[in-house]
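Please keep the sequence and the structure in view while reading.

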Amino acid sequence: MNKTYNAFDTAREQFDKIAELLDLEQASKDLLREPLREFHFSIPVRMDDNKVKIFKGFRVQHNDALGPAKGGIRFHPQETIDTVRALAMWMTWKCSVVDIPLGGAKGGIICDPHNLSQREQEQLCRGWVRQMARNVGPLIDIPAPDVMTTGQHMLWMLDEYEVIYGGKYPGAITGKPVGIGGSLGRIEATGYGLIFTVREALREMEIRVEDTKASVQGFGNVAQHAIELYNKLGGKVILVSCWDQDSGKSRAYRKTDGIILKELQKITDNFGGINKEKAIELGYEVLPGEAWIEQDVEILIPAALENSITAENASSISDNVKLIAEGANGPTTIEADRIIKEKGIFLIPDFLANAGGVTCSYFEQVQSNTNYFWSKEEVLSKLDAKMTDAFISVSDLAKKQKIYTRDAAYILAVDRVARACSSRGWT
Ligand code: NAD
């Protein structure tokens, strides 16, 4: 990744472009290109060696005009405030594009949980909540898991919050384990949500799912569930890729008559890494990871990491590709985006395509607040309705204004938030 890349600069650049297109007033521009609130704090933790170590924590609430802010908490040794600011802004647009009554936030702690004992991690979670308790909660800002944080971290955070307030507030945090306030369907939500939008895009292009093949970058949570539903609808995935920890390289696994999800899952670790030797035994062709983008397929699904479609590799996209559905956050660079647009490929932008996760987190919050939990079928059918409606709104706008789907999604999302700010009398 480019060392000078600053995610917040990118997020603001994207916003500025849309603000111009929407002809937003100066006050709205000034309000929305910066976070509404930002918290920087120190978290003292007594470590296992009995010494106290101070960790740095953040929470950025970009905008909450549409409802309480929502966003994950990341544990990362290289966390920066600008990354958190950018991610908080993107959360505002993501919640808005799927029309859920939530704003955008993100938080983090500079730390590497691999080097911390369970007790130290628990103290860190509780310490984060002690610093933020007055400024988060079911009606203010609802944290969730993110990079290197889990349901267990969320439960410790919730417990601390409930100790401070002396009551039960299950809607204060999402991403809790199922059975202790978590929602059924959350594991599937992002991958399934992605395929609900793929299904709608194909319908619009009058292409039958059964007549399509896909190549997928990544084989983690998002990719595996996306493949599961895509297969159910009749599509065939011919290649998946993953990061190979041992060799320090990415690899792709191909079966031109279709990979078999269950057999690959059996030889995949918890981080989405596929065992190469076992894959060869099962008859998979092993290719360099970069091969995922060059396949002769109708659909490309980047579901691994940011900046994976670049100006360098976008030209190797097959002329057969009709659709790119961005499962990952920010998988396409600005230059590559221009190439995709010129090629006339239908693009489902990340903050729409992968919004199934936050939509289901919203469902978890609703269930937690009412203390009544839905069946998995109910969750997934509500998710389908939300994702389908969001896709249709974006696609209708793109057709009506003859604009690129990414721009349409941004226009819709920013416009909703700007209107909420102005209706509230903020701008
Ligand atoms: P994950 O950690 O479960 O899986 C990531 C996968 O990507 C693994 O298979 C890993 O081996 C692979 N990978 C890593 N580096 C790679 C490389 N260089 N080349 C090829 N493969 C590589 O993660 P996930 O939860 O599936 O998330 C994937 C993407 O989707 C991320 O960008 C994440 O931010 C985004 N996302 C996830 C969710 C969610 O609910 N999980 C929601 C919204 C967005």
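Which backbone nitrogen lies 2.8 Å from a polar atom of the side chain of Asn 63? The backbone nitrogen of Ala 65 is the atom in question. The model is a predicted one, and the points below are grouped by topic.

- Asn 63 belongs to strand S2, which covers residues 52-63.
- With a relative accessible area of 1%, Asn 63 is buried, because buried means under 20%.
- Leaving aside residues up to four places away in sequence, Asn 63 touches Leu 31, Leu 32, Leu 36, Thr 92, Gly 103, Gly 104, Val 417, Cys 421 and Trp 426.
- One of these contacts, Thr 92, stands 29 residues from Asn 63 along the chain. The C-alpha atoms of Asn 63 and Thr 92 are separated by 6.4 Å.

- Leu 24 is placed in the loop between helix H1 (7-22) and helix H2 (26-32).
- The relative accessibility of Leu 24 is 11%, so this residue counts as buried.
- Apart from residues up to four places away in sequence, the residues that Leu 24 touches are Phe 15, Ala 19, Lys 29, Leu 32, Val 414 and Ala 418.
- Leu 32 is among the contacts of Leu 24, and Leu 32 is also among the contacts of Asn 63.
- Between the C-alpha atoms of Leu 24 and Asp 350 there are 24 Å, and the two residues are 326 residues apart along the chain.

**Aromatic rings**

- A pair of aromatic rings is described by two quantities, the distance of the centres and the angle of the planes.
- In the whole structure, a search finds 10 aromatic pairs.
- Phe 15 and Trp 93 form a stacked pair, because their planes stand at 5° and their ring centres are 5.8 Å apart. Phe 15 is in helix H1 and Trp 93 is in helix H3 (residues 81-97), so the pair ties together parts that are 78 residues apart in sequence.
- Phe 15 is buried, at a relative accessible area of 0%. Trp 93 counts as buried as well, at 1% relative accessibility.
- The pair of Phe 363 and Trp 374 is tilted, because the planes stand at 55° with the ring centres 5.5 Å apart. This pair links distant parts of the chain, 11 residues apart: Phe 363 is in helix H13 (residues 356-370), and Trp 374 is in the loop between H13 and helix H14 (376-401).
- Phe 363 counts as buried at 5% relative accessibility, and Trp 374 is buried with a relative accessible area of 13%.
- One aromatic cluster is formed by Tyr 161, Tyr 165 and Tyr 169.

**Charges over rings**

**Salt bridges**

- Side chains of opposite charge can pair when their charged atoms come close.
- The structure has a count of 36 salt bridges.
- One of them joins the side chains of Lys 176 and Glu 364, with an N to O distance of 2.8 Å. Lys 176 lies in the loop between helix H5 (151-165) and helix H6 (186-205), whereas Glu 364 lies in helix H13, so the pair ties together parts that are 188 residues apart in sequence. Both Lys 176 and Glu 364 are buried.
- Arg 208 and Glu 210 form another salt bridge, in which the closest N and O atoms are 3.9 Å apart. Glu 210 is partly exposed, with a relative accessible area of 46%.
- In the salt bridge between Asp 350 and Arg 406, the closest N and O atoms are 4.0 Å apart. This pair links distant parts of the chain, 56 residues apart, with Asp 350 in helix H12 (residues 350-353) and Arg 406 in helix H15 (residues 405-423).
- Asp 350 is buried at a relative accessible area of 13%, and Arg 406 counts as buried at 10% relative accessibility.

Conventions:
Residues numbered from 1 in each chain as written. Predicted model: local features only at pLDDT ≥ 70, side-chain atom pairs only at ≥ 80, totals over all residues. Heavy atoms only, no water. Helix = DSSP H or I, 4+ residues; strand = E, 2+ residues; numbered from the N terminus. Buried < 20%, exposed > 50% of the residue type's maximum accessible area, 1.4 Å probe, protein only. Contact = heavy atoms within 4.5 Å. Polar contact = N/O pair within 3.5 Å; in protein donor to acceptor, adjacent residues only side chain to side chain. Phe/Tyr/Trp six-rings, centres within 6.5 Å; stacked < 30°, edge-to-face > 60°.
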